[in-house]
Amino acid sequence: MGRTLYAVANWKMNLRADQSAELAGQLADFSKSLNKAQVWIAPAAVNIPAVTYATESSGIKIGSQNVHWDKNGAYTGEISVEMLRHLNCSFAIVGHSERRRLFLESNELTAKRAVGALQQTFKVIFCVGENLSQRKSGETLAVLQAQLDPLLEASREFDTSGLLIAYEPVWAIGTGKVASIGEIEEAHAAIIDYWQNKANALPPPVLYGGSVKPDNVADILSVAEVSGTLVGGASLNFDSFKDIILAHEKLSC
Ligand code: PGA
């Protein structure tokens, strides 16, 4: 069976529309030479039109950094699947640790977002991960399970083929500290096993995120249970994200 690897850029609250379009245009030109790696970009919502225009017919998928579960309504500050689809977006990141930690999005709210989007056949990258004190006190697997549970519970009712999970240890995000290969292997295997047992279904691809850089990406992708990476800081620079994508291309088959 082939191995599809996803290189996903999360630009967070960085870059203006002109800067986003310029970087996206460079990535679009470069991506035309790729055969196997999947390149996805999540710019700031307001920059999505500029980025979809710059990446037209390049094969790059564009998505948002969050999404609401409902189709429309009185939800100030939120974005619906329909609005995103209309702009040629095809996925949303949900439950990023910055949403959970800084904007107090709970496991339940996060699952609700993911369920709403998946039910509208939108792709979702569902983020999970423990913080440092949880890892130190040996709670990592329990935390991951608690984050997955409300989504697993609901997922029996609908098709989850548009779901990807991102394992992002909170202590590794934007810190330059990467989880060790052993830690990545253990967490990914645990997520896959848990999903398989609880959902009684094929597990979704599981990406790794947290200080992914050109010089550590090949080691991370050498783990069989890793289906790609979610990249913050290093995706904001053309040369470094290009090198990261190339590692995905080389190891896809
Ligand atoms: P980082 O961010 O690559 O800057 O650590 C990853 C993420 O938050 O998805």
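Contact here means heavy atoms within 4.5 Å, and helices (H or I, at least four residues) and strands (E, at least two) are DSSP runs, numbered from the N terminus. The legends describe a predicted model, in which local features need pLDDT of at least 70, side-chain atom pairs count only at pLDDT 80 or more, and totals for chains, interfaces and linings use all residues. Residues are numbered from 1 along each chain as its sequence is written, and side-chain values use heavy atoms, with hydrogens and water left out.

**View 1. Helix 1 and its packing partners.** The buried residues of helix 1 pack against strand 2, helix 2 (48-54) and helix 10. These buried residues are S20, L23, A24, G25, L27, A28, F30 and S31; buried means under 20% relative accessible area, exposed over 50%, and partly exposed in between (1.4 Å probe, protein chains only).

**View 2. Helix 10 and its surroundings.** At the start of helix 10, the backbone nitrogen of D239 has a side-chain oxygen of N237 within 3.0 Å.

View 3. The ligand is surrounded by 13 residues, of which the closest are K12, H96, E168, G174 and S211; a residue is near a molecule or strand if one of its heavy atoms lies within 4 Å of it. The shell divides into 4 nonpolar, 7 polar and 2 charged residues. In this division Ala, Val, Leu, Ile, Met, Phe, Trp, Tyr, Cys and Pro count as nonpolar, Asp, Glu, Lys and Arg as charged, and the others, Gly among them, as polar. An oxygen atom of the ligand lies 2.7 Å from a side-chain N or O atom of K12, and a ligand oxygen is 2.7 Å from a side-chain N or O atom of H96. A polar backbone atom of G233 is 2.9 Å from an oxygen atom of the ligand. Taken alone, the ligand exposes 280 Å², and the protein buries 97% of that; accessible areas come from the Shrake-Rupley method with a 1.4 Å probe.

**View 4. The setting of H96.** H96 is found in the loop between strand 4 (91-94) and helix 4 (97-102). Its relative accessible area is 5%, so H96 counts as buried. Not counting residues up to four places away in sequence, H96 touches N10, K12, C127, E168 and I173.

View 5. L15, which is not a glycine, has a positive phi of about 75°. L15 is placed in the loop between strand 1 and helix 1 and, at 27% relative accessibility, is partly exposed. T121, a residue other than glycine, has a positive phi near 50°. T121 lies in the loop between helix 5 (107-119) and strand 5 (123-128) and is exposed, with 66% relative accessibility.

**View 6. E185 on helix 8.** E185 is found in helix 8 (residues 181-199) and is partly exposed, at 38% relative accessibility. E185 and V226, 41 residues apart in sequence, are 8.0 Å apart in space, C-alpha to C-alpha. Not counting residues up to four places away in sequence, E185 touches V223 and E225.

Methods
A polar contact is a pair of N or O atoms within 3.5 Å; within protein, one must be able to donate a hydrogen and the other to accept it, and residues adjacent in sequence count only if both atoms are side-chain atoms.
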